[in-house]
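Me: I'd like to go through this structure with you, starting from a definition and then moving to particular residues.

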Amino acid sequence: AAMVISGSVTLLSGMTRTYSGSVTFNSTAAGRTLTFNGVVWGSHTDFNVSGGGWTLQDAWTATNRNLSLTLGTLNTNSQAITSSTWTYTAGTITVGTTAWTCTGNFSGGGQTYYAVTLTAINAGPTVSGNNTFTNLTWSGAGGSAHMILAGNQTVTGTFTRTAGGANQGNNIKSSVTGTARTITAAAVSLTNVVFSDITGAGAASPFTGTRLWD
């Protein structure tokens, strides 16, 4: 069964959390806090009420779990996050200097993020929305992996893809064949990348690296 939480959450260090159902935070008030004390959060989670406000107090590890903001205000407070996916629909997200690791897809909804690392292998991640990142890294290995862009991405720091062997070009491509997506980057670090329907822009354009194909 799903769990609905209308207040704050504090998990105690060393506790065992066995609940693995989904959680919806539905407080209509601001000032709610989430404190995990190193306990792994085993629930798909949605913040889903207008007027609600939640602030992380420490790192949030939700390995293999999906996180989403449907309504309300989420402040990650520069705390590290690990999740399977992230989906922004509406509301306000403030990240500070949060380092966010996603093992799956990142649906950023056109918002601004700090450091996002995508670790999906084989099929690779899909990045949706016209998002802005300070740093964006795709680190997942896999000889036939694809990073699919369903929007234009702006990277004010460094866009990084360095994985795979010399004969393993990893595709970075548009979600729609023939429709170009733009990566605007201040700097790039690229090795073994095949670009398909991608336009490079920004200070790093034309993109350079080791074994790049278009």
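Reply: A polar contact is a pair of N or O atoms within 3.5 Å; within protein, one must be able to donate a hydrogen and the other to accept it, and residues adjacent in sequence count only if both atoms are side-chain atoms. This is a predicted model, in which local features need pLDDT of at least 70 and side-chain atom pairs count only at pLDDT 80 or more, while totals for chains, interfaces and linings use all residues. Residues are numbered from 1 along each chain as its sequence is written, and side-chain values use heavy atoms, with hydrogens and water left out.

Me: OK, which backbone atom does the side chain of Ser78 reach?

Reply: The side chain of Ser78 reaches the backbone nitrogen of Thr97, at 3.0 Å. Setting aside neighbours within four places in sequence, Ser78 is in contact (heavy atoms within 4.5 Å) with Val95, Gly96, Thr97 and Thr98.

Me: And is Ser78 exposed, partly exposed or buried?

Reply: Ser78 counts as partly exposed because its relative accessibility is 36%, where buried means under 20% relative accessible area, exposed over 50% and partly exposed in between (1.4 Å probe, protein chains only).

Me: Switching topic, how many residues has the largest nonpolar core?

Reply: That core has 46 residues, and those with the most contacts inside it include Trp86, Trp100 and Tyr113. A nonpolar core is a set of buried Ala, Val, Leu, Ile, Met, Phe, Trp, Tyr and Cys residues joined through side-chain atoms within 4.5 Å.

Me: What does Tyr113 touch?

Reply: Not counting residues up to four places away in sequence, Tyr113 touches Trp86, Trp100 and Phe106, among others.
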